[in-house]
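Work through the exercises below with the sequence and the model side by side. Try each task before reading its solution.

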Amino acid sequence: MKVRDCLVSAPGKAILHGEHAVVHGKVALAVSLNRRTYLHLKATSDGTVCINLPNIDTFLCWNLSELKQLLEAGQRLDFDLLKRLRDFMGLTNGNLDTSNMATLTFLYIYMSLFGSGELPSLKVSVWSELPTGAGLGSSAAYSVCLAAALLCASGAIPAPLKEWDHTCRWHQEDLELINSWAFQGEMIIHGNPSGVDNTVGTWGGMLRFLAGKIIPLSRVPLIRILLTNTKVPRSTKVLVARVKDRINKFPPIMIPVLDTVDAVSSTCEKVLTEMTREPITGEHYNTLEELIDINQHLLNVMGVGHPALDMVCRVTLAKGLHSKLTGAGGGGCGITLLRPETDSAIIQSTMQDLKDCGFDCWETSIGGPGVHSGS
């Protein structure tokens, strides 16, 4: 089997509005980040398959004959294969850390796509601009990259990059296949994912998530932000449970709060749509800033705030900038809106102030493209 070398990249995601609103069937808006995960796949001839994950300090290599033995029990490549791979890797529920889950996902997609024929000798290197475990969709970006590269290598989708191209995207039906395999990767890593993260990583732009339905929004303005990682660990499962408990305990209070979050998300979507259809004005940014402030206060009412996130809001507001948490909350990351006229000196001093608090901070943008093949 002749396998072409390829380089693919996929973006992370931020929740612009509507964190935890989906627990009550409300609207959430997810947007792609212009911070990406990259994967380079190189064909080799040494009879091994290797994966290098420098972000999580992992390099593993397997002899192809060892992997082929896993397929002898049958060719139905599903949860039976997943169980055999877990046994092969010596994994139990007690040691499913980031490295193990990333490796298991790679092996599952690799063997699912190539298991009915020859297993090619490959070397895969993955590196990322996204911190892991920070609620930025790093696992989904990884799964999207794996799916795109391995589908391309297997011939299931074409290699879209021509000799004269620097970057290229796949057609709609190819993106749908990439997304379906990336979702399987997310299921391995997270168990019961919503599908939002891998869909944003595949298509980019902005998505509306409502009652389990994901609706891509055709056009999104490119908006600059600061992305701040508080480096405070949090558990999405615990935070979702906290919101549900508060709703059950105080329904007359919390249901109107969720209705308000829903209205914030819908208003934000309307403003962003206007910004793609008419000249962008300062009033658009004024409205977005107010919505950010309202949403952040509502999230604190819902019980998913954190002192570190409050610090991000205070530090940036001192510079005239507006911030909110993104993702599950309880730590993790926050985003800060940057207006077009915001002076670069203000941006740099704000970033330094946030770093002085012990946070990581980057300037980036939202609304970028999805998975790409590049040279």
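**Exercise 1. In which loop is Asp57 found? Give its phi and its exposure as well.**

Some ground rules come before the solution. This is a predicted model, in which local features need pLDDT of at least 70 and side-chain atom pairs count only at pLDDT 80 or more, while totals for chains, interfaces and linings use all residues. Residues are numbered from 1 along each chain as its sequence is written, and side-chain values use heavy atoms, with hydrogens and water left out.

Step 1. Asp57 sits in the loop between β3 and β4. Helices (H or I, at least four residues) and strands (E, at least two) are DSSP runs, numbered from the N terminus.

Step 2. Its phi is positive, about 55°, although Asp57 is not a glycine. Most residues other than glycine have a negative phi.

Step 3. Asp57 is exposed, with a relative accessible area of 73%. Buried means under 20% relative accessible area, exposed over 50%, partly exposed in between (1.4 Å probe, protein chains only).

Step 4. Take Lys231 next. This residue also has a positive phi, near 65°, and is not a glycine. Lys231 belongs to the loop between β9 (223-229) and α7 (236-249). Lys231 is partly exposed, at 47% relative accessible area.

**Exercise 2. How many disulfides does a search of the whole structure find? Check the cysteines.**

Step 1. The search finds 1 disulfide. The criterion is a pair of cysteine sulfur atoms within 2.5 Å.

Step 2. The partners are Cys50 and Cys61, with sulfur atoms 2.1 Å apart. Cys50 lies in strand β3 (residues 48-53) and Cys61 in strand β4 (residues 58-63), 11 residues apart.

Step 3. Cys50 is buried at 7% relative accessible area, whereas Cys61 is partly exposed at 39%.

Step 4. Now test Cys313. Its closest cysteine sulfur, in Cys357, is 12 Å away, so the pair is too far for a bond. Cys313 counts as buried, with 18% relative accessibility.

Step 5. Cys361 is buried, at 5% relative accessible area.

**Exercise 3. What span should helix α5 have, and what are its end C-alpha atoms apart?**

Step 1. Helix α5 covers residues 172-190, which is 19 residues. The expected span is 1.5 Å times one less than the number of residues.

Step 2. List the buried residues of α5. Among them are Asp174, Asn179, Trp181 and Glu186.

Step 3. Find the cover. It includes α2 (79-89), α3 (98-114), α4 (138-154) and α6 (196-203).

Step 4. Look past the helix end. Gly191 follows α5 and has a positive phi, near 90°.

**Exercise 4. Which residues touch the most other members of the largest nonpolar core?**

Step 1. Define the set. A nonpolar core is a set of buried Ala, Val, Leu, Ile, Met, Phe, Trp, Tyr and Cys residues joined through side-chain atoms within 4.5 Å.

Step 2. The largest core has 96 residues, and Leu41, Phe106, Tyr110 and Ile178 touch the most other members. Helix α4 gives the most to this core, with 12 residues.

Step 3. A second, separate core has 11 residues, including Ala308, Val315, Leu321 and Cys361.

Step 4. Inspect Tyr110. Beyond its neighbours within four places in sequence, its contacts (heavy atoms within 4.5 Å) include Val49, Leu64, Leu119 and Leu150.

**Exercise 5. Is Val304 buried or exposed? Describe its surroundings.**

Step 1. Val304 is buried, with a relative accessible area of 0%.

Step 2. Its place is in the loop between α9 (282-302) and α10 (307-317).

Step 3. Leaving aside neighbours within four places in sequence, Val304 is in contact with residues including His20, Leu239, Val243 and Gly330.

**Exercise 6. How many helices and strands does the protein chain have? Judge its overall form.**

Step 1. The chain has 11 helices and 13 strands.

Step 2. Its radius of gyration (taken over C-alpha atoms) is 21 Å, close to the 21 Å from the globule rule for 375 residues, so the chain is as compact as a globular protein of that length. The rule is 2.2 Å times the number of residues to the power 0.38.

Step 3. Of the 375 residues, 54% count as buried.
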